[in-house]
Amino acid sequence: MKLVGILLSLIYWFNLVHAFKPYKQNKDHDVIFFDKKDLFINDFQNHEKTTVNGPTVALTEMHSVANVIQPNQVQFYTFTLDTSIPPIPSIGAYFVYISGNICVGPQDSFDSLTVTVSLNSSLLSQEIDSTTGITDFIGGYFYYFVDITAEDIQTNDLTVYIGVTAPENNNQTLTWNYEIAASQQNSVYQYDVDTFVTVVDSDDDSTLIVTNNLTYASGFNVSNADPNDAYSLYIYEYSMLDYFQNMTRSWCSIRNGPYLTNITIQSDFISHYSDGTLQQQFYISGLTKGTQYVGYLTYDFGQVNSTGGSNSGGIIYEQFQFETLSTQACEIIFGLSFCDKVAYAVPQSSSNSSRELLMATYDNYTEDLFQNFTYALQQIPCDTIENAIFSPITSCANCSSSYKDWLCSVTIPRCSSRNITGYKYRDIGQSRNDLLNNVIQPQEPYFEVLPCIDVCQSMVRNCPVDFGFQCPITNASIALSYYWTVPNSEYPTCNYMGDVVEIENSSSLKSVNLTFLMVINMILMVWLI
């Protein structure tokens, strides 16, 4: 518990360091630094133009209040400590988290609102004492927390006093619409420097996006996921990249901006990526070919309340960007029955068939090929005594899963219109297997994102040597049929199917000639370039 106390103390002092920031007098000239607190105290206490606007508003636990403020005004709030909520263990202090968002602000003003927090009611008279802390809305967002000790409770009442002050300006048409809240449990408004999403792939009119892992335990049952406990995605035209100016950290600003409404966003919970932990997937359709977009992920804690604010706020994540492909050669497929890890753009059929038919064509063909492999694997001593099994460090289940990953990646190629190092150009009629050339018949040339060499190596490592699986070794030979991951690349340099997901062992044995499997293996392992 002492460690917890130390960590919380560090967080507290980190907050203080960031709360009392230096002030830049003029960003267009040499920077002159002032003590932010001293400068604001003088302004707050003595400036004749600063007027109190409206009555003092009492904040309640996890409920925000919406308000509007004009230049030279200050608005006050109070929050009463609930001592029935236990203090933080080991340090014996109560924490109050205060946060807020600017929802709409002046488009041509970079000045922001300042927040003053105190344990002394003298703040309501615009007086500041030793308990006072000061912070600013940065990017349309502010966060501050107060630790209230037993000594504070003895010398002050159980109330936290909060002031929101607008900057000086003679233009009284300027307004700031903002929301503010307080809680003893958590910050009502939050901003995360991470985007918390991955852009999986795009085609000419759609994009597939997934969140980071939402659970820490693998094997999570997707059916147990609460559909109301979901993230939301807001997509903007790229021309809106700087629309929010200094409000990109504002949850309420992003949610109420001019985001695209003429697109469709389909959302589902999934667990087949990564190690099987829960993620949320977004399939965005109705986009424009060869176009850049800006996206924001949000998480809502509650619904809008009667005061105009949110019952319990939310989180805004860092902005991310993506771009659709410039040709119609590829189409995103996902949710396949057999190749369930396939979630990327594949060569589109010249027949202009539906996405569902395209998915079924790829998936059924690959599953038929895999069936022959399962017959051969059943001849391997998997479920037997320790001295008789084919390997003490891997299993038939690992072999089956690795082979499935490899088979899906080489039979269902990843497609792109981008010419990137490592990608293989495929002209019409020159794809690398009969399924593509004779059945799919791609309608345009495309670039193939070759399978990662790791997929082949995993199969060789996990399967019996009796199968004779081999992978190319030198870079030159690898690049003919596979490629490798290049760190910090803008786009994937090879196609990796993901981590191994174990499947059920089969205990039945059938007599099958391994020769047939070897033929299939040779055909798929080495294709015409």
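In which handedness of crossing does α5 pass α6? In this predicted model, local features require a pLDDT of at least 70 and side-chain atom pairs count only at pLDDT 80 or more, while totals for chains, interfaces and linings use all residues. Residues are numbered from 1 along each chain as its sequence is written, and side-chain values use heavy atoms, with hydrogens and water left out.

The crossing of α5 past α6 is right-handed, a term used where the near helix is turned clockwise from the far one by less than a right angle, left-handed being the anticlockwise case. Helices (H or I, at least four residues) and strands (E, at least two) are DSSP runs, numbered from the N terminus. The two helices pack at an angle of about 150°, with their axes 10 Å apart; axes are lines fitted to C-alpha atoms, for helices over the stretch in contact, and angles run from 0 to 180 degrees between N-to-C directions. Contact (heavy atoms within 4.5 Å) is made by residues including Y362, T366 and F370 of α5 and C399, Y403 and L407 of α6. By class, this contact has eleven nonpolar, three polar and one charged residues, where Ala, Val, Leu, Ile, Met, Phe, Trp, Tyr, Cys and Pro count as nonpolar, Asp, Glu, Lys and Arg as charged, and the others, Gly among them, as polar.

Helix α6 (residues 396-411) also packs with helix α8 (residues 453-462), at an angle of about 155° and with the axes 8 Å apart. The pair is therefore roughly antiparallel, the term for angles over 145 degrees, and α6 passes α8 in a left-handed crossing.

The largest nonpolar core has 56 residues, and I333, V342, Y362, W406, I412 and F467 have the most contacts inside it; such a core is a set of buried Ala, Val, Leu, Ile, Met, Phe, Trp, Tyr and Cys residues joined through side-chain atoms within 4.5 Å. Helix α5 gives the largest share of this core, eight residues. Leaving aside neighbours within four places in sequence, I412 is in contact with residues including I333, V342, Y362 and T366.

Buried means under 20% relative accessible area, exposed over 50%, and partly exposed in between (1.4 Å probe, protein chains only).

Conventions. Angles under 35 degrees count as roughly parallel, over 145 as roughly antiparallel, 65 to 115 as roughly perpendicular and the rest as oblique.
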